[in-house]
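Good morning, colleagues. Please look at the structure with me.

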Amino acid sequence: MKRIGVLTSGGDAPGMNAAVRAVVRTALTNNMSVVGFKRGYNGILMRSLRPEDDYIEMNTRSVSGIIHKGGTTLMTARCKEFHKLAVQKEAIRNLKAIGVEGLVCIGGNGTFAGAQALSQLGMPCIGVPGTIDNDLAYTDFTIGFDTALNTAVEAVNRIRDTGDAHERASLVTVMGRDCGDIAVYTALACGAELAIIPEVEWTLEDVADVVHKGVVGGKRSMIMILAEGAQSSLKTDLKELKKEHPKLRFTKEHITSSQFAEVIEELSGHETRATVLGYTQRGGSPTANDRILGTRTGSRAVELLRDGVFNRAVGIRDNQIIDIPLMDAMNGATFDPDLYKLVSVTGSIK
Ligand code: F6P
């Protein structure tokens with residue numbers, strides 16, 4: 001293989017730049033040229049007026065000074081129309097027209113689905129796991145997770161200071177889509193009382209109970225980490241709760257983080273505040289772990305293409321870089337019940 005492409009797609013993740021850098025430098029070292037596609041799969045569709053807005057020839061200098069930067073210098077996007085076969089075929093034609101023989105696709109589940117589709121149409125693809133969510137079961141960690149986690153931990157430390165001063169309970173909402181990993185790891189690292197996650201059923205009454213017991217047990221402040229996707233496993237009947245507490249602001253179908261805090265305050269009798277960390281978790285300079293993971297996986301992706309091993313997803317298991325068939329890499333997250341239990345064991349008072 002003499003010419004490959006690289007793209008970042010889906011939600012950006014700190015460490016994606018390190019992966020792109022490793023792809024480019026490893027390819028050049030192995031006498032392969034590299035095309036960088038902009039805005040994920042959109043770049044391959046080449047719809048911009050100027051070609052350089054869609055793809056650029058990468059050289060060793062194109063990736064200088066980016067390893068420490070958050071975001072992705074290739075930019076990213078979610079390409080909604082890419083699930084259509086006609087669009088995928090158009091992408092294959094475009095790739096062939098500029099001589100690209102293989103593609104490294106850095107992103108999460110959606111990115112891997114795009115890569116799998118292209119590989120079915122004969123374009124060799126390698127997936128590199130870049131998402132803060134850590135929701136790909138085949139790899140112990142995804143690029144960006146460690147940085148997002150550390151950002152969340154730093155934010156919670158600050159929230160704890162003010163919570164302590166006011167003797168309040170704090171509900172902190174973290175990202176993760178349908179995966180509770182950011183919440184569980186943040187809770188563990190911050191000594192939170194509770195992680196509320198999509199993988200485990202929960203009720204508002206139970207959460208209020210933890211707060212109440214904490215107050216009775218003499219805690220000055222309490223931290224509960226809420227995964228953004230946890231509403232899917234909420235077992236409280238909101239209709240009933242609304243009947244009992246008509247003044248509370250939530251609707252019968254949905255409850256926002258601040259309304260959640262109001263409910264906890266009402267049920268536990270203890271002042272409770274909500275903070276949604278949101279996109280702060282996606283930005284910022286990647287941690288050393290994410291830079292190294294990006295570098296190792298990006299480099300291995302190119303080595304696989306060089307060696308004629310196609311349609312694989314690269315990951316890390318027990319600190320070894322591994323690769324598995326791309327189509328098996330989209331199986332969702334694995335949930336570690338022991339880590340989850342450890343939050344309650346170490347964080348709450350019985
Ligand atoms: O997948 C990464 C992620 O940040 C999720 O945690 C979050 O649910 C989603 O992306 C947000 O997506 P968008 O950037 O499209 O708002």
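Glutamate 262 and arginine 249 are joined through their side chains by a salt bridge, with an N to O distance of 2.8 Å. Glutamate 262 belongs to helix H9, residues 257–268, while arginine 249 sits in the loop between helix H8 (238–244) and H9, so the pair ties together parts that are 13 residues apart in sequence. Please bear in mind that this model is predicted.

I turn now to glutamate 271 and arginine 273. Their side chains form a salt bridge at 3.4 Å, N to O. To which network does this pair belong? Salt bridges with shared partners connect Arg168, Glu265, Glu271 and Arg273 into one network.

My last pair is arginine 50 and glutamate 52. The salt bridge between these side chains has an N to O distance of 3.8 Å, and the criterion requires a separation within 4 Å, so the pair is counted. Arginine 50 has a relative accessible area of 46% and is partly exposed. For glutamate 52 the relative accessible area is 38%, again partly exposed.

How many salt bridges does the rule give in total? The count comes to 19. Thank you for your attention.

Technical notes: Residues numbered from 1 in each chain as written. Predicted model: local features only at pLDDT ≥ 70, side-chain atom pairs only at ≥ 80, totals over all residues. Heavy atoms only, no water. Buried < 20%, exposed > 50% of the residue type's maximum accessible area, 1.4 Å probe, protein only. Helix = DSSP H or I, 4+ residues; strand = E, 2+ residues; numbered from the N terminus.
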